[in-house]
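Let's take a walk through this structure together, from the overall layout down to single residues. Have a look at it first, and then we'll start.

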Amino acid sequence: MRCHKCDERAVIRMRQHRLALCRTHYIEWFVQQTQRMIEKYHMFTHEEKVLVAVSGGKDSLALWDVLWQLGYHAEGLYIHLGIDEGIQYSTESERLAREFAEQRGLVLHVINVAQVHGETVPEIARRTRRGRDKPCAVCGLIKRHDMNQAALDLGFNVLATAHNLDDEVAFLFGNVFHWNLEQMRRQSPVLPESPGFARKVKPFCRFSERETAAYSLVRGIAYIEDECPFAEGSKQLLYKDLLNRLEEVEPGAKLRFYLGFLEARDSGQLILPREEEIPLELHPCPRCGQPTTSPGLCAYCRLFESESLGTLGTPVQPK
Ligand code: SF4
Ligand code: ZN
Ligand code: ZN
């Protein structure tokens, strides 16, 4: 198979775009498409500082690499969760994130949860009702809080995550399946900044996992190939699997589902509850200062109270 732009051998064929490209043209296409998304959704400008949430995986390192190539002021943030039971998942992913930053002379900020709190994420989770079997709810809460806090403390008003199309579609599918209208209202390539919250952007929301993996591969980026061991058996993976089977028989189905949803919602054809109809009274948490709906400490701070065995409460920050 030949590249559609030159005579070289194609390294990827994207059926949904009816496009096959060689290594050089694929990198060029991928970088240009990212820039288009940044502009289309008014994510950020070259004058703004962007903090990239880096996990050591293919998507986040690819995102940092592309933003670096496009000349954005992008620094990385790695959160060491302490998931080192069995495979050395956190230690190895931190090593790869550091190596990536050093090779390019980029700044990587690191938060080590065990050093900050004296316990790893699985240990914190085991103390809570919801995290006893699986630490994902506690892990998500800690990551969202620490990413937002780091962005505010370090003077970044933009926080970029590498959620790809497969992540977004699986999340949307789950929300439709459970009629979670509130989450559907908030799912977006950009969440504007608000008092106490950095702007959240997802420049890769239209790339499939296969496309981000191909980019990392052709760019020679070393990333952690193992999934977090706690991801096994998750609903997200099940939805991704179902949607991939659908994509097999109907190329482009995932992209159409996602774009169709954004268009229907943003044009008003799909009417979801508006913010005023679900009043969220936010006030600063007395301990960390981040906005919360809880009357006392926020859900994050309650994790570190001595009697933090209760539920996590309602998270107010989006995905
Ligand atoms: Fe955290 Fe669960 Fe994701 Fe692992 S799979 S990084 S525990 S949210
Ligand atoms: Zn080519
Ligand atoms: Zn707090």
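How far apart do the C-alpha centres of domain 1 and domain 2 lie? They are 23 Å apart. Before going on, a word on ground rules: this is a predicted model, where local features need pLDDT of at least 70, side-chain atom pairs count only at pLDDT 80 or more, and totals for chains, interfaces and linings use all residues. Residues are numbered from 1 along each chain as its sequence is written, while chains are lettered from A and ligands numbered from 1 in the order in which they are written.

The two domains are residues 40-274 for domain 1 and 279-313 for domain 2; such bounds come from an automatic or database domain assignment. Where they touch, domain 1 brings 16 residues and domain 2 brings 13 residues (two residues are in contact if their C-beta atoms, placed from the backbone, lie within 7 Å). On the domain 1 side, helix α6 (residues 136-153) gives the largest share, with 7 residues. Sorted by class, that side of domain 1 has 7 nonpolar, 6 polar and 3 charged residues. Here Ala, Val, Leu, Ile, Met, Phe, Trp, Tyr, Cys and Pro count as nonpolar, Asp, Glu, Lys and Arg as charged, and the others, Gly among them, as polar.

Let's stay with α6. This helix has 18 residues and reaches 25 Å from its first C-alpha to its last, close to the 26 Å expected at 1.5 Å a residue (the expected span is 1.5 Å times one less than the number of residues). Several of its residues are buried, including Val138, Cys139, Leu141 and Ile142. A residue is buried if 20 or more other C-beta atoms lie within 10 Å of its own, exposed if 12 or fewer, and partly exposed in between, with C-beta atoms placed from the backbone. After the helix comes Gly155, with a positive phi near 80 degrees.

Cys139 also turns up around ligand 1, together with Pro135, Cys136, Gly140, Cys228, Phe230 and Ala231 (near means a C-beta atom, placed from the backbone, within 6 Å of the molecule). That shell holds 6 nonpolar residues, 1 polar and no charged ones.

Now for another helix, α2 (residues 58-69). Why call α2 largely enclosed by the rest of the structure? Because 10 of its 12 residues are buried, Leu61 and Trp64 among them. The cover over those buried residues includes α1 (23-40), β3 (49-54) and α9 (209-218). Just past α2, Gly71 has a positive phi of about 80 degrees.

Stepping back, the protein chain has 12 helices and 10 strands; helices (H or I, at least four residues) and strands (E, at least two) are DSSP runs, numbered from the N terminus. Its radius of gyration is 20 Å, close to the 20 Å that the globule rule gives for 319 residues, so the chain is as compact as a globular protein of that length. That radius is taken over C-alpha atoms, and the rule is 2.2 Å times the number of residues to the power 0.38. Buried residues make up 34% of the chain's 319 residues.

Finally, two single residues. Ala299, in helix α12 (residues 299-302), counts as buried, with 25 C-beta neighbours inside 10 Å. Leu246, in helix α10 (residues 235-249), is partly exposed, with 14 other C-beta atoms within 10 Å.
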